[in-house]
Amino acid sequence: MNQPESLSVQTESPTWDSALSDQPNFTGLTFCTVTYGCQMNKHDSEQIAGMLQQHHAQRVWNLQDADIAVFMTCCVREKADERLLGQVATIKNLPVRKNSPIQKRCIAIGGCMAQRDGDKLLEELDDVEVVFGTHNMEELPKMLSRAMHTGKPISKIIHEGKDFPEDLPEVREVPWAAWLPISVGCNNFCTYCIVPYVRGHEISRPLGDIVDRAKFYVSDGVKEITLLGQNVNSYGTDIYGHPRFDDVLDQVSATGVKRLRFVTSNPKDLTDSVISKFGTLPNLMPALHLPVQSGSNRILAAMRRKYTHESYMELVHKLRKVCPNIGLSTDIIVGFPGETEEDFEQTMKLVKEVGYQQVFTFIYSRREGTPAAKMVDNTPQSVIHERFQRLTDLVQEQAYQANQADVDSTVDVLIEGASKRNPHMLSGKSPKNQTVHALIPEGLTIDELQGHILPVHIDEAKTWYLLGHVLLDPVQIAALSRSSASNNPHL
């Protein structure tokens with residue numbers, strides 16, 4: 001393997017060809033992005049696509065057709081590491097496409113794993129040409145150009161940004177929905193979590209910039225905006241001296257976007273003012289992801305979560321008082337170091353008390369560099385897996401019961417596309433973020449329905465989705481067909 005170049009933040013290598021670095025040109029080249037992890041990584045991938053298309057690369061959807069393969073990585077759990085290594089090992093054995101102007105595919109790795117490991121990835125993965133971090137994503141086109149023209153792999157990691165990153169060109173995954181970051185980084189330093197070390201301290205985006213971006217999305221036909229942050233509830237503390245997330249909700253709601261969502265919320269920072277918005281803002285969807293991680297106060301303290309079982313339940317009661325039909329989801333870690341059967345039973349108790357719409361369950365993944373990685377735990381893996389299965393069984397039972405409440409009701413569904421299992425069925429999301437399937441109405445195609453919000457009568461509820469039929473009369477069907485023909489996304 002060629003000796004990799006590792007660039008410092010302060011200096012540029014004298015061998016850098018400015019003609020290549022300042023104006024990369026990828027005409028004739030194709031690219032594909034592969035994304036792991038959270039919604040922030042998905043938004044980053046949209047910006048990667050925007051930058052590469054701005055420099056004339058053409059997007060493809062299969063790695064084997066890509067001259068440039070960009071992996072946006074996650075390092076929150078070990079499985080994400082393993083998936084990346086597996087995919088890189090697979091793609092390195094695939095020949096470049098028949099008409100490619102280059103002899104060897106250019107592989108780039110970005111995101112949190114790249115931020116954490118840096119040069120180590122170049123040393124361990126012979127076929128990787130570029131490694132870039134979470135704070136210098138805008139340099140990817142120049143780094144790719146340099147690697148391809150010099151034949152030398154390159155790594156550049158900046159340890160932390162000082163300001164909120166400027167907007168980069170983006171290609172949204174779908175035209176009717178947009179991710180809108182309002183902050184980056186995290187100040188919580190939960191003992192199990194690697195995020196503050198790879199995303200840096202929390203930096204809030206100025207409120208005016210957030211609102212301007214939301215207005216742009218609305219004018220561009222976006223129906224649903226999701227506000228993003230590692231902890232949206234603490235938005236503004238660094239700029240204004242106190243949290244101002246309630247102001248963000250008010251002002252983005254006022255842009256007229258039809259649907260507004262946000263992730264992720266730390267329970268310790270969820271204020272009564274923010275909770276009240278679920279009762280006053282008509283376009284704030286009745287759904288909230290509120291990670292609890294554990295129901296045991298002892299484990300919560302060891303995790304440094306800064307709330308208790310009891311205070312979490314107080315939040316749930318307040319939310320349900322303001323918005324009785326709110327759909328709640330959460331994250332839960334099983335097998336945190338030192339977790340006893342009594343601790344686990346407290347988690348089961350909390351899950352039963354809340355009645356979640358959805359729970360994302362994880363077995364604790366040890367992350368080097370976090371305080372929890374030094375904690376000793378002698379719990380047999382067989383016990384941890386048995387607890388995990390008990391929790392999974394309870395979650396499935398509760399999800400099924402929660403969905404029964406919507407049977408024989410009519411819900412507005414944002415249509416996302418055809419069902420992956422049945423091309424004659426459409427698939428979309430309810431206000432509570434449930435997946436909804438229904439037969440495509442006769443006389444319409446899925447292309448004519450995508451991006452529209454349509455009424456669906458729910459006939460049956462399964463564990464993970466709802467089944468129903470679209471309520472459209474012939475006049476509405478004709479209007480949908482006309483709006484699609486004129487490329488008008490509004491019904």
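Biologist: Where does alanine 254 sit in this predicted model?

Modeller: Alanine 254 belongs to the loop that runs between helix H10 (245–253) and E12.

Biologist: And why is alanine 254 called exposed?

Modeller: Its relative accessibility is 67%, and the label "exposed" needs a value over 50%. Alanine 254 passes that mark, so it counts as exposed. If you want a reference point in the fold, the C-alpha atom of valine 211, 43 residues away along the chain, is separated from that of alanine 254 by 9.2 Å.

Biologist: Let's turn to glutamine 293. What makes it count as buried?

Modeller: Buried means under 20% relative accessible area. Glutamine 293 has 6%, so it falls in the buried class. This residue is in a loop too, the one between strand E13 (287–289) and helix H12 (297–303).

Biologist: What is there to say about the phi of glutamine 293?

Modeller: Phi is near 70° there, which is a positive value in a residue other than glycine. Histidine 56 also has a positive phi, near 80°, and is likewise not a glycine. As background, most residues other than glycine have a negative phi.

Biologist: Why is histidine 56 called partly exposed?

Modeller: The middle class lies between the 20% and 50% marks. Histidine 56 has 49% relative accessibility, so it counts as partly exposed.

Biologist: Where is histidine 56, and which residues does it touch?

Modeller: Its loop lies between helix H2 (39–54) and strand E3 (58–59). Setting aside neighbours within four places in sequence, histidine 56 is in contact with Asn25, Phe26, Thr27 and Gly28. For asparagine 25, the C-alpha separation from histidine 56 is 6.3 Å, although the two are 31 residues apart along the chain.

Biologist: Which peptide bond is cis, and what omega does it have?

Modeller: The bond from valine 263 to threonine 264 is cis, and its omega is near -5°. Threonine 264 is in the loop between strand E12 (259–263) and helix H11 (272–280). In general, most peptide bonds are trans.

Biologist: Now the rings. How many aromatic pairs turn up in the whole structure?

Modeller: The search finds 7 aromatic pairs. One of them is phenylalanine 189 with tyrosine 197, 5.4 Å centre to centre and with 80° between the planes.

Biologist: Why is the pair of tyrosine 307 and tyrosine 312 called tilted?

Modeller: Their planes are 35° apart and their centres 6.1 Å. Stacked needs under 30 degrees and edge-to-face over 60, so 35° leaves "tilted" as the label. Both of these tyrosines are buried. There is also an aromatic cluster, formed by Phe245, Phe262 and Phe278.

Biologist: Why is glutamate 416 called partly exposed?

Modeller: Its relative accessible area is 38%, which is between 20% and 50%, so it is partly exposed. Glutamate 416 is part of strand E16 (residues 410–418). Beyond its neighbours within four places in sequence, its contacts are Trp176, Ser427, Gly428, Lys429 and Gln450. Glycine 338, 78 residues away in sequence, is 43 Å from glutamate 416, C-alpha to C-alpha.

Biologist: Stepping back, how many helices and strands does the protein have?

Modeller: It has 17 helices and 20 strands.

Biologist: How do you know that the protein is as compact as a globular protein of its length?

Modeller: For 491 residues the globule rule gives 23 Å, and the radius of gyration is 24 Å, close to that value, so the description holds. The C-alpha trace spans about 65 × 65 × 45 Å along the principal axes, and buried residues make up 54% of the total.

Biologist: How do the contacts and charges look?

Modeller: Among contacts between residues at least 6 apart in sequence, 73% join residues at least 24 apart. As for charges, there are 49 positive and 61 negative side chains, and the centres of the two sets are 1 Å apart.

Methods:
Residues numbered from 1 in each chain as written. Heavy atoms only, no water. Helix = DSSP H or I, 4+ residues; strand = E, 2+ residues; numbered from the N terminus. Rg over C-alpha atoms; globule rule 2.2 N^0.38 Å. Buried < 20%, exposed > 50% of the residue type's maximum accessible area, 1.4 Å probe, protein only. Contact = heavy atoms within 4.5 Å. Lys, Arg positive; Asp, Glu negative; His and termini not counted. Charge placed at Lys NZ, Arg CZ, Asp CG, Glu CD. Phe/Tyr/Trp six-rings, centres within 6.5 Å; stacked < 30°, edge-to-face > 60°.
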